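Dear colleague,

Please find below the structure that I promised to pass on to you. My findings follow directly after it.

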Amino acid sequence: MSLLDMAYGGPSLWAPEWLPRLPQRVVEMLLQHYDTPEWLVSLAGFAVAAATVVAVFLSAFALLSLIERKTLARIQNRLGPNRAGWFGILQPVADGIKMLTKEDIVPAKAEWFLHLAAPVLIVVPAMLALGVIPYGREWVPVRLELGLLFFFAVGTLTEMAVFMAGWASGSKFPMLGAMRAISQMVSYELPLILSALGVIMVTGSLSLPDIVAKQEGLHWNVLTPWGLSAALVFFIASIAEANRCPFDLPEGESEIVAGHMTEYSGFKYALFFMGEYLGLFAISGLFITLFLGGWQAPLPGLTVIPTWLWFFAKLVVVIFSHLWIRGTFPRVRIDQLMRFAWLCLIPMALLTIPAAGIWVLIGGGLLGWLVTVPLLLIPWVVLTTIHNRRLAPQTRTYTFAD
Amino acid sequence: MTAPDRNSMDRESPDSHAGELPSQSGEAGFTALQSESPDSLASLLARLHDALPQAGVTLRTNPGPAAQHSLLVEPTHLTEVCRFLRDTPDMAFDFLSNVTGVDWPDPAKADTVAVPAEGEANASASGFLEVIYHLYSTTRRVGPLVLRARTADRGDNAKIPSLVAIYRSAEFQEREIFDLFGVEFTGHPDLRRILMWDEFTDHPMRKDYVAPDDYEYEPTPHDAVLEKAKRHDPSQQ
Amino acid sequence: MRISGKWRGHPARRLGSGQDARATARWSMPGLGLFKGLAVTARNMIQSYYRKDRMTTVQYPEERAPISPNFRNFPFLCYDGDDPVAGLRCTACSICEKECPPQCIYIVLDRDENGKSLKRPKVFDIDISVCMNCGICAEVCPFDSIYMDGQYEMSTTDRFGGLLLGLDRLAKSADYHMQLRPLEASEVAARRKAEEDKKRAAQAAKEAKAKADKQAKEKAAAEAPAATIGKGEPA
Amino acid sequence: MISDLSRFSLSSSSSAAPVLDDDQLLHVSLGPQHPSTHGVFRVNVALDGETVVSLKPVFGYLHRNHEKIAENATYLSSMPYTDRLDYICPLSNNWAYANAVEKLAGIEVPERAQYMRVILAELTRLINHTAFAGFILGDMGAWGSALMYAFRERELILDLFEDLTGARMMANFMRFGGCRNDLPAGWANKVSELVNGYGAFLDEMEDLLIGNEILLARTRDIGALPKDVLINGGITGPMLRAAGVNYDIRKVEPYGIYQRFDFRIPLGGTGDCYDRIMIRFLEMRESLKILRQALDQLPEGPFVHPKAKIRNFKPPVGEAYARVEGPKGELGFHLLSDGSANPYRYRVRPPSFINLTLLEDMCLGLDLADVVVILGSIDIVLGEVDR
């Protein structure tokens, strides 16, 4: 028997499925071999699992920073970075070296400790949130019964960190950015959580692995009317939570230079970027988990591919749509942003909850569709049209004088 | 001259469309804008004399091919004249396009460019600063009506009343002339330097302005400049 | 003033050729404009992989965009023949120096020991850190001497000296000009040749005349032996 | 229900901004190093929350006293400097200056040169409005896409300029009495090709921009002022026409040969930032029309008046004010000649500069984010503002 078989109790499981957990198991086995106390074994196991997640997502961050630039470049008919290494593959390394070697400037009026702590506090919650997401059938860094709650709880820490950064910089643009960030994040947290409620109702669990398990066999939540509606709300709110275009007001560079990051330089600045990208991974990961079936393969025949690869494939798709949106849309204004949250997203998120309830009550099927589709579609059309009418005039007239 | 009304297009009416609106002023549309001939300028002048006899507006002829003749207005009556030109319905000079400042250290030269009529008094003995306004009428589509106003001298009395209250477009242009020529526009709401920095003291567009030689040393093929730079920057000697 | 047309419609509707649209959509899908925008960017992204007019980047050191024959950069001085000193067309007349807007040309006339003008520059400097490539020097030159170069890779590590071009770097042969701007150069060459021919013809005529005079003089001298020596050939 | 909830709005665009004590306001200096001030422009804004309470523009960071330089240079020597006024559209500036000098000295321009000038000026208008569409999206936070598409097409026109004038931007092409050189062989055909293909690009840009709900939301009802205020404030160009004022110098005072072409002046209704964008798009369509006609009618003949002087040009004593419809508005040159080789006084009437007169009026009571959009919709170039 191979080491793997010994570790996982039989050849029935396909080895690559276990690959991400291999370091953890190896460390645990080694420690058990030397009669280490049980608590130390599990502690070391957690440490290694965490290290795996950190390593994976830090390299993903580096890769994404390159991919984002390449994709945006292509959208804009440019080539993107292609000088550092083959296809620009070493660009993240070059960026990293640049960021590390740059002078760290702290403004004279800054609260130096908070100024230092803010970038760290941006990264840590994103990392914590990444810890509860099930990446594969067997790859769940931390199996928490209240995983979803934990995710949202640590997510709110980001707001504090952003405000800390803005306030501690002792400067005006960061302050404006921080105030924007707080109002935006608080407003969009609501639709984010409310739209997840339907999933919790249907699953009956706050545990993320359970939510994924419930969606097996293409019973993805997004393929139900209430799920689609909730997914839409969640996706839009997640863009705002991740401070991405078109909701990137806190760092709206054409208005307030770089918002809360204006007074940062060097590695602290890089940490903000890292936090932002990790946050994007986390929120996209949660989106996949809640609505896109998590690590589930779309078709039964495709299960030969390891589940964690499925997860990352979906992650690529979700993140690409973020990039695509960034390459297309202008930024909204703060009052429009707020109005959209309170008058469109939150009512819709609230409506998905009874819709999910009705869906469960009826048990899906054609009747479920017939009842819930109008229940959701009509409010969507009405709300967005009202919103659109407020934003966009119905007609415009231009005359031509000879 | 018929005055086409720019506001008269009924844009909101759903029935109006191409070709149905009456053309307001004949086939040509409107009088093409041209510099007013001395005759019509003279009639305008006559009306000005009638309406504002105290203003002392005189005609100045432009000897060049452009033939844009101008009206010289006493600075003390400039605002009245402009208000009259703007508010009289069949004049309607509602658009102040351009404000130019000119420095005339030699007053005789000023009279070669804007020639006074026979027998009229020539410019004062001392040099002066001149402000030239180009007025247009967007409704009547005529112009430019050139107005000139001259200060008493180039020193403390270089004052001309501001036109900002009548033509908002003069706001930045008057600030610019104040900055670069040193004409004080009395009544300007916010008369500060605009292009030069606040601490700057001289008026660079005046003819007798001497540029400071406090620029950085830089090798150049021009020996004179080089020498000057070397004199100024001892480290290069 | 006549109103000749009217565009009336929902903004999400394309203006088209600017022709008058009268149809008005009562309701248009919210977000339709956003989706149209997404379609445009997606099309651009995909087409950037195979359409040359979408991906116009020229990767500079490896590839270079073709330079138009009219392209102008810094001036150069044209000389005929092989010798950049003797063949220089410039006569140091200083017209370009006077007309140069940023005053970046510096000319010193070459004189012999008697102070007589040699009609050539002793110093001809162009400070290309000041030059703004306007081409007025080439335009005003009456001697077909100064032309605009197409050379644009002029970067140097020497901030001052490297950007001050003297005669040694400015003088370029007429062949170079012909290569750079065949149209202009051949026109100039033809004109110069015609002038040269004219000059030569005039000179030949003059010489013939001188010869005839000489012969006449010789004839006269034969008759009167104490004649002065005839004037030498013109230079 | 919706209108009841409008009190959630953080923007007090509907109500007058409350006037607070100065120390309760947030004073922000936008610029001169700011991503969306279009150069080294600076505005000092006093904010109540994010609402603009006062706004003071600060100029002069790019001031080089262009007018003084021109007074010390010959008439011809100022021509390349006019390229650097509004460096997005140098050929319009060239024309405006040549126009003024021709008026001053009474110089005739031959037929072919007139057509060449119209073609170049309308191509310049295309460049300016195309780039504008990119910039305004940039000001709204969509960095890149629209701007890159705009610049991609702008490059094609700049290639044509390079073929003709020798430089992509600093053209220095117009001369008093014509143009510097004739069209190279095949140039007119290349322009025709470009003009024929440009409509497709405009369609694409319109798809990307004009229906975009976010853009609509950001630009609608922003920065509109009454017509008479705009005229009184000296606002010209697309900004004025977006408010519905039918005033285009190409029609009002047809300089060059504009009276020969069949084109229309698009007029907006409200004059908000959205109308300003649309008017520019419609103007580009009309420019294409003018270009097609000019290319069809382009006659043979001299490209410069045979008696035009290049060296030792001295206009007679007098003065002239001439203006053209530049892409950004009325671009005027006022020249005073004392008969010498240098102008006695050389004055530029820069449209970007005077269009900024009403910036504060447009921005008061709006958000900081709107200031950026309004500034973008005015379409300024600092080379011209600061001169």
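Leu278(A) is in contact with Phe57(A), Phe61(A), Val123(A), Ala126(A), Met127(A) and Leu130(A), leaving aside its neighbours within four places in sequence. Please note that the model is a predicted one. Leu278(A) is also among the residues that touch the most other members of the largest nonpolar core, together with Phe234(A), Phe287(A), Leu77(C) and Val371(D). This core holds 311 residues, and helix H4 of chain D (residues 111-139) supplies the largest share of them, 15 residues. Another core, of five residues, lies apart from it and includes Leu72(A), Ala73(A), Ile75(A) and Met45(C).

Chain D also contains an open sheet of three strands in the order S1-S2-S3, with antiparallel pairing. Strands S1 (26-30) and S3 (51-58) of chain D each have a single partner strand and stand at the edges, so one side of each lacks a neighbour in the sheet. From one strand to the next, the twist averages 20°. Five bridges join S1(D) to strand S2 of chain D (residues 42-48); Ser29(D) has Asn44(D) in S2(D) as its bridge partner.

Finally, there is a helix pair in chain D. The axes of H5(D) (residues 145-165) and H6(D) (residues 187-209) come within 11 Å and cross at roughly 170°, which means that H5(D) is roughly antiparallel to H6(D). Residues making the contact include Tyr149(D), Leu156(D) and Leu160(D) of H5(D), and Trp187(D), Leu194(D) and Phe201(D) of H6(D). The residues of this contact comprise 13 nonpolar, no polar and three charged.

With kind regards

Note on methods
Residues numbered from 1 in each chain as written. Chains lettered and ligands numbered in written order. Predicted model: local features only at pLDDT ≥ 70, side-chain atom pairs only at ≥ 80, totals over all residues. Core = buried A, V, L, I, M, F, W, Y, C linked by C-beta atoms within 7 Å. Buried ≥ 20, exposed ≤ 12 C-beta atoms within 10 Å, placed from the backbone. Helix = DSSP H or I, 4+ residues; strand = E, 2+ residues; numbered from the N terminus. Contact = placed C-beta atoms within 7 Å. Pairing = 2+ DSSP bridges. Axes fitted to C-alpha atoms, helices over the stretch in contact; angles between N-to-C directions. Parallel < 35°, antiparallel > 145°, perpendicular 65-115°, else oblique. Nonpolar A, V, L, I, M, F, W, Y, C, P; charged D, E, K, R; others polar.
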